[in-house]
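Hi,

Here is the structure I promised to pass on. Have a look at it first, and then read my notes on how the chains meet.

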Amino acid sequence: MRTGGVRATARITARGDGRGGTELPVLEGEGPLAPRRTRGSGAQARVVLVGAMSGPLGGDHLTVHVRAATGARLLVGSAAATIALPGQAKGDARYDVRLTVEDGAELHWLPEQLISARGSELRVVTRVEAAPTARLVLREEQVLGRVGEEPGRLTSRLALRIGGRTVLDQELACGPGAPGGWDGPAVLDGHRAVGQLLLVRPEFAEAPVGARPVAEGAVLVPLAGPAALVTATAPDARLLRRALDAALSALG
Amino acid sequence: MHLDHSLPLPAPAVGADAHRPGGARRALRVGLGGPVGSGKTATVAALCRVLRDELSLAVVTNDIYTREDAEFLLREAVLPPERITAVETGACPHTAIRDDISANLEAVEDLEDAVGPLDLVLVESGGDNLTATFSRGLVDAQIFVIDVAGGDDIPRKGGPGVTTADLLVVNKTDLAPYVGSDLARMAADAKAARAELPVVLQSLRSEEGVRDVADWIRARVAAWTA
Amino acid sequence: MSRAALLVLADGRFPAGGHAHSGGAEEAVRTGRITDAASLESFCRGRLHTAGLVAAALAAAAALGCDPAALDAAADARTPSPALRTAARRLGRQLMRAARATWPGLELDAVAREFPRGVHQPVVLGLAARAAGLGAADAAHCAVYESVGGPATATVRLLSLDPFDATAVLARLAPEMDRTADTAVSAAHRVRKGGPDELPAASAPLLEIGAEAHAARPVRLFAS
């Protein structure tokens, strides 16, 4: 019988194995967070977070640590969408993601959507620490409510530091109880899916991307550092994914 | 010719100071204002063609819709593109040249930084009404451009532009017979409204073109750099 | 503090370039997101709690004497749209010019010298408040008011909206502006101890997306 909700942490560490491949010296999870190694491609190791479906509920506090050490090529995905649900325990659920990408490493963080179900209260914080020569592809998708459902309260913060310098820090708050105007014409305007694609590449320092629309409701911009961001809003999850996929392929 | 350009304000925060941060004399700034369609942009284009070989000059436009006038000047290739800048005015062109000149001052200074040193910067206002005038914090002298087709009673009606501009240009004199405007009356009314201040009647289609205005500007530049 | 000095700084006629910016309202009008006083109010409320809150916290932190360079970098991180970063720095330069002429002082001169390309406008707003003898709460109030006053004024021009309706929108938002300014000031005090990561990072996806679409348009009335 839990009173304060579930506390669970998953840890994934990848590093170059010295033979052109990637090994996973740390791959551990607990409770609803179970990382599984799956078949990779080439030098890239792949990990899927299984079982995320069951949480987080109110009062839960889930944490994922991913570290891509020098030489690692790592892709982390999830087996299914994560659904934030109301729980028995009091208070918000928290979902903390800490991604560390060291020099010469590459991380693709491509989880499935986060769905904010009616009555849920979730705070997601994703913090990325990238070294100056690290490479990153990160996708975040928030879906406000299951089909035809009002959303819960969702606060999602995404912060990126490159070489210790904060290059991106953004927080989106939506759903009942969020500060006013979140569904109005300045913020989401009725869109039920919102997402970001964040890319870190050392070569962006010399040759930043040009700001441009990359799909319906999606714009690519250069950040104030060697990184690029796609911000997209869409009527639903499927159209959002289509826009972000188009953006990613446009970036090569 | 009297030039009142030495207002004692702290440099380099404000525009009326006659020197650049480095101590060099900045360019003379001449504003061109006047109603929509009176021929401001055509006059600026003609001035650029006549003066560009003898003076280092640049142009700031204050389009009502961004870049329309700047695009015209670029298309006509009267100056290299880096010497033409457009300022957005938020649907209030008179505000940008009179009440809040900060964007225009930025534009003028950016031009001097980018392509300077300059002898002359022409600041063209967005077409507005008869009351629009340039702040003395932005320009050292201003030209007000009206045209005969706008009605030959405009000089008589007056207004700050007509009565106080350093130079009044009555443009499109070639159209006077077609629109029933009485040039002699316009000239007499302008003189009455402006006392000693000069008036030029011009047709850019004539052989003289923008000559008189260009001469007036040359004299201003000479006095500025003296 | 001088209440009258606050009015001078907060006045929409303060010559610092704000009149040529719509705060995203022009793009929202063009794409049909703002059509009347009700949608203007919703737009302003959303902007207040996102860009307005961040601007107010930056201004308050600058007014408290936090490092302008660190605040400027934090503003960059909270402004993904390069069009908005450019607009914010340009407005920062314009406000710096006006503030130095209005309240001459060594601190403003030093920042102007150190950053010739300008710093984000809210940071300059906080420094201007200091120069005017005002405090963090004053700077925050100026910033939140600007965050909604600009779009409201622009919408009056863009939609020929009844100016009384637009002003009533601002009046209805006043209690939320006060609360947002309070939140911003609290954050600014945390920044003084914990650094700029303590600043709020509230974002508005459609303001960011719309700013880039607006910047790419060949014909527009407002600079942003």
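**Chain C against chain A**

Between chain C and chain A, the count is ten residue pairs in polar contact, with both residues at pLDDT 80 or more. On the chain C side, the elements that give two or more residues to this surface are helix H3 (37-63), helix H4 (68-77), H5 and helix H10 (205-215). H3(C) gives the most, with eight residues. Sorted by class, the side of chain C that touches chain A has twelve nonpolar, seven polar and nine charged residues.

Before you go further, keep in mind that this is a predicted model.

In terms of residues, 28 from chain C are in contact with 31 from chain A. The two chains bury about 2,300 Å² between them, and carbon and sulfur atoms give 62% of that area. As for charge pairs, the count between chain C and chain A is two salt bridges.

**Chain C against chain B**

Chain C also touches chain B: here 20 residues of chain C are in contact with 23 residues of chain B. The buried area for this pair is about 1,900 Å², with 51% of it on carbon and sulfur atoms. Three residues to look up are His19(C), Arg97(C) and Leu221(C), which together supply 37% of the area that chain C buries against chain B, more than any other three residues.

How many salt bridges does the rule find across the interface of chain C and chain B? There are six. In one salt bridge between these chains, the side chains of Arg220(C) and Glu88(B) meet at 2.6 Å, N to O.

Helix H5 of chain C (residues 82-102) contributes the largest share of the side that touches chain B, namely five residues. By class, that side of chain C has ten nonpolar, four polar and six charged residues.

Cheers

Terms used. Residues numbered from 1 in each chain as written. Chains lettered and ligands numbered in written order. Predicted model: local features only at pLDDT ≥ 70, side-chain atom pairs only at ≥ 80, totals over all residues. Heavy atoms only, no water. Contact = heavy atoms within 4.5 Å. Buried area = accessible area lost by both parts, 1.4 Å probe. Salt bridge = Lys/Arg side-chain N within 4 Å of Asp/Glu carboxyl O. Helix = DSSP H or I, 4+ residues; strand = E, 2+ residues; numbered from the N terminus. Nonpolar A, V, L, I, M, F, W, Y, C, P; charged D, E, K, R; others polar. Polar contact = N/O pair within 3.5 Å; in protein donor to acceptor, adjacent residues only side chain to side chain.
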